[in-house]
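Work through these exercises with the model open beside you. Try each task before you read its solution.

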Amino acid sequence: AKMPGFSDFVDEWVLAFRASRLYQLLESGLGFGEYLVVSIRKCERGPPLLPVSLEEEQWTHYEAAGFSLPQYLKLFGELVGLPLEVYDRIDGQQLVPYQAVISQPHWNQFGETFLGFFRRQRAAYRRINGGSSAPVLKTGVEGRYVPGKETVELGPVAYGGRVTGTFLDFREVSRESHGSRSRCGSAH
């Protein structure tokens, strides 16, 4: 006999999973491993710029409480009319703030156009801030991760845990082995 309410829970979870980004990526045939890590460097004279008016070559500094390359790239993409799908984690591991991940097929579609706009940003950055250096985007770099920020997303809910081999391990983790961080956290 089934537990009362269990099939409702499973049905609800399946619907939530099918609505998730992970399910959509799997259904699209992209699978895992077809992603590209992007990194920014050489922001020596302040944060990178965002376009105010491309026609008049007007730019402003990206202002945020803490720099996040995924947020910056999404906003830049919106402002230049490119729907970039950029993420801050790979396989449940949080990337450092100056890195982002984008699917390889998506970058193949939009990357060249995006880099054209980004080159204009570099020229404006040098003009506005003086000097000869400007932010540089590097693609295909190795991901660097924030220690202790592992989160596994399953549908709309995020569970703190470890990935052990190919299995999810939800057993309680002792605070001694992982400092004082909590077992569960939000995905972002």
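**Exercise 1.** Find the helix that holds H106. Then decide: is H106 buried or exposed?

*Solution.* Start with the location. H106 lies in helix α4. Keep in mind that this is a predicted model. Next, take the accessibility. H106 has a relative accessibility of 8%. Buried means under 20%. H106 therefore counts as buried. Last, look at what surrounds the residue. Setting aside residues up to four places away in sequence, H106 touches P83, L84, E85 and G111.

**Exercise 2.** Work out the strand order of the open four-stranded sheet, and name its edge strands.

*Solution.* Step one is the order. The four strands run β4-β7-β1-β8, and the pairing is antiparallel. Step two is the edges. β4 (86–87) and β8 (136–139) each pair on one side only, which makes them the edge strands. Step three is the general rule. Strands of a sheet pair through backbone hydrogen bonds, either parallel or antiparallel. Step four is the bridges. Five of them join β1 to β7. Two join β4 to β7. Now check single pairs. Y35 stands opposite S103 in β7. Y87 stands opposite V101 in β7.

**Exercise 3.** Which residues of β7 point one way, and which the other way?

*Solution.* Sort the residues into two groups. Q99, V101 and S103 point one way. A100 and I102 point the other way. Then check the cover. Five of the five residues in β7 are buried.

**Exercise 4.** Locate the largest cavity and describe its lining.

*Solution.* First, count. The structure holds one cavity of 30 Å³ or more. Second, size. The space in the largest cavity is about 30 Å³. Third, list the lining: V38, L73, V86, A100, V101, I102 and W107. Strand β7 (residues 99–103) does, with three residues. Seven lining residues are nonpolar, none is polar and none is charged.

**Exercise 5.** Which elements give two or more residues to the largest nonpolar core?

*Solution.* Begin with the core itself. The largest nonpolar core has 27 residues. Inside this core, the residues with the most contacts are L69, Y72, L73, F76, F114 and L137. Now assign elements. Those giving two or more residues are β1 (35–41), β2 (49–53), α3 (69–80), β7 and α4 (104–129). The largest share comes from α4, with seven residues. Finally, zoom in on F76. Leave out its neighbours within four places in sequence. F76 is then in contact with L49, L50, P51, W59, F114, F117, F118 and Q121.

**Exercise 6.** How many bridges join β2 to β3, and which residue is the bridge partner of L49?

*Solution.* Count the bridges. Four join β2 to strand β3 (residues 58–61), and the two strands run antiparallel. Find the partner. L49 has H61 in β3 as its bridge partner. Now look between the strands. The hairpin of β2 and β3 has four residues there. In this hairpin, E57 takes a positive phi near 50 degrees. To finish, link back to Exercise 5. L49 is also among the contacts of F76.

Notes
Residues are numbered from 1 along each chain as its sequence is written. This is a predicted model: local features need pLDDT of at least 70, side-chain atom pairs count only at pLDDT 80 or more; totals for chains, interfaces and linings use all residues. Side-chain values use heavy atoms; hydrogens and water are left out. On a 1 Å grid over the protein atoms alone, a cavity is a set of points where a 1.4 Å probe fits but cannot get out, and a pocket is an open set with protein on both sides within 12 Å along at least five of seven lines; lining residues have an atom within 4 Å of a point. Grid points are joined across faces, edges and corners, and a volume is the space filled by probe spheres set on the points. Ala, Val, Leu, Ile, Met, Phe, Trp, Tyr, Cys and Pro count as nonpolar, Asp, Glu, Lys and Arg as charged, and the others, Gly among them, as polar. A nonpolar core is a set of buried Ala, Val, Leu, Ile, Met, Phe, Trp, Tyr and Cys residues joined through side-chain atoms within 4.5 Å. Buried means under 20% relative accessible area, exposed over 50%, partly exposed in between (1.4 Å probe, protein chains only). Contact means heavy atoms within 4.5 Å. Two strands pair if DSSP finds at least two bridges between them.
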